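Here is a short report for a first look at this chain. Keep the sequence and the 3D view open while reading.

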Amino acid sequence: MVLIEITFLLLVEMSWLEAADKYGTFLLSGSNLEWPSVAEESSDILFGRYEPRKILVHGFQMDDERAYVAMPRFMKTGVPWSLGVFRLDVMDFEPDIRPYPDYSNYGSCGGRGTTTCIVNVVDVYIENGVLWALDTGTINVMWKPLRQGPAQLISVNLTTHTVIGATDLSVITWPDSVLEYVVAVRSLCGRLNVYVSDVGRHKIIVYDVDTGSLHAIQLPETIPMDSHRRAVLHLVPVGVAGRGYLYFTYRHSGYMFALDAWSRESVTYGSVSEVGVKPVGMHVLGSDRGTNVYFRTTGGGNDNDVWAWDVNRPLEVRSFVLVHRSYLYLTPTAVAAGWQNMVWTVESNYDEYITGNVDCTGPRALLRPLNGCAADDSNEIL
Ligand SMILES: *[C@@H]1O[C@H](CO)[C@@H](O)[C@H](O)[C@H]1NC(C)=O
């Protein structure tokens, strides 16, 4: 039995290393951070701002050269910067993660005039050369949330790597707001709207970039927060025949909804339609920005597998295709289209992390392309 397992592991390792050769696989760990200089590093260690065991990559985006990673401050301390960057290089399996856009945006930020202080980036989204970062302003979210600043939507120019906007979301959030995801979708006439999910208030916040205005769309469904302490409101961008939609669903809800994001009126008035009833527990991870929505199942057997659902097909089990298998017992937390025109996934021991059961090697995350596993497995969900 042991022998079989070892052989199996070896085969698996060999096959993913082969894929890694071609497209790259990146092991992301809190032990591999890169400070501007030793002085900052020593000070972060000295003042308890850096504890590798508290750092876990949860979300990401990519452009042609770099990956941008969200490392949320789930706890009070230990994460010196919640938004990191590294250069994508197939040969660099364990890249060093640098603060983004700059070290001065973090830590003892403030009192330095115009610098934008970033408290806690929980999600990122790239649209047309701009990175949108959702800073909740709140830390220690897993236990007792502590507010350290206003929630804000930060935009960074990916050519100059400078902050070009910071929109205060205080006017549209409440003490019970819980902000989780950020997605940007253009309307048919090219207007850009940035959407933020507020699971605590059952709303989607909309930021109209051209006018700089904010409004919130009340969702058709509410879920009792007490029964789901870790309630999640997933947002995914979908494009069908040139029209942009924002699909959304609560993790514990049986329904999938869509907002027409292509029309100005429907975004203003919140024109939402029910897409269907989820045939299995679906934990949505992302999309390819086209018609494929990626998710993992919940409550079944292989809950770490990634499935694709083409939204042009009915929301039924027979429409689902198995696209990725996480052999390494890691849980996918995000899927996004990115580098080399591949669809990538970030997988980690997130479940162990949130239950405080991380072993001595600490939290670790793997960023790699979907491995498009064997087609003959694709009906296993039944
Ligand atoms: C980003 O910076 C580049 C170089 O200065 C500029 O050409 C581009 O228009 C900027 N993009 C945005 C969205 O501000």
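Which residue in β5 is the bridge partner of Val 85? Arg 98 in β5 is the bridge partner of Val 85. Strands here are DSSP runs (E, at least two residues), helices are runs of H or I with at least four residues, and both are numbered from the N terminus.

**The model**

This is a predicted model, in which local features need pLDDT of at least 70, side-chain atom pairs count only at pLDDT 80 or more, and totals for chains, interfaces and linings use all residues. Residues are numbered from 1 along each chain as its sequence is written. The pLDDT is the predictor's confidence in each residue, from 0 to 100. Its mean over the chain is 89, and 89% of the residues reach 70 or more. Over residues 1–12 the pLDDT is below 50, and this stretch has one contact beyond near neighbours in sequence. Over residues 374–382 the pLDDT is also below 50, with 11 contacts beyond near neighbours in sequence. Two residues are in contact if their C-beta atoms, placed from the backbone, lie within 7 Å. Where pLDDT is low, the predicted coordinates should not be read in detail.

**Strands and pairing**

The chain has four helices and 26 strands. Two strands pair if DSSP finds at least two bridges between them. Strand β4 (residues 83–87) is joined to β5 by two bridges.

The table lists two of their pairings.

| Pair | Sense | Bridges | Residues between |
|---|---|---|---|
| β16 and β17 (residues 243–250) | antiparallel | eight bridges | two residues |
| β17 and β18 (residues 255–260) | antiparallel | four bridges | four residues |

Each of these pairs forms a hairpin. Ala 241, in the turn between β16 and β17, has a positive phi of about 50°. Leu 235 stands opposite Phe 248 in β17. Val 236 has Tyr 247 as its bridge partner in β17. On the β18 side, Phe 248 stands opposite Phe 257.

**Buried and exposed**

A residue is buried if 20 or more other C-beta atoms lie within 10 Å of its own, exposed if 12 or fewer, and partly exposed in between, with C-beta atoms placed from the backbone. Buried residues make up 41% of the 382 residues in the chain. In β16, six of eight residues are buried. Seven of the eight residues of β17 are buried, so this strand is largely enclosed by the rest of the structure.

A nonpolar core is a set of buried Ala, Val, Leu, Ile, Met, Phe, Trp, Tyr and Cys residues joined through C-beta atoms within 7 Å. The largest one has 96 residues, and Phe 60, Val 124, Val 182, Val 183, Tyr 195 and Leu 246 touch the most other members. Strand β12 (residues 179–186) gives the largest share of this core, six residues. Beyond four places in sequence, the contacts of Val 124 include Gly 59, Tyr 68, Leu 83, Trp 132 and Val 182.

Is Pro 220 buried or exposed? Pro 220 is exposed, because 12 other C-beta atoms lie within 10 Å. Its place is the loop between β15 (213–218) and β16 (233–240). Not counting residues up to four places away in sequence, Pro 220 touches Phe 257 and Val 272.
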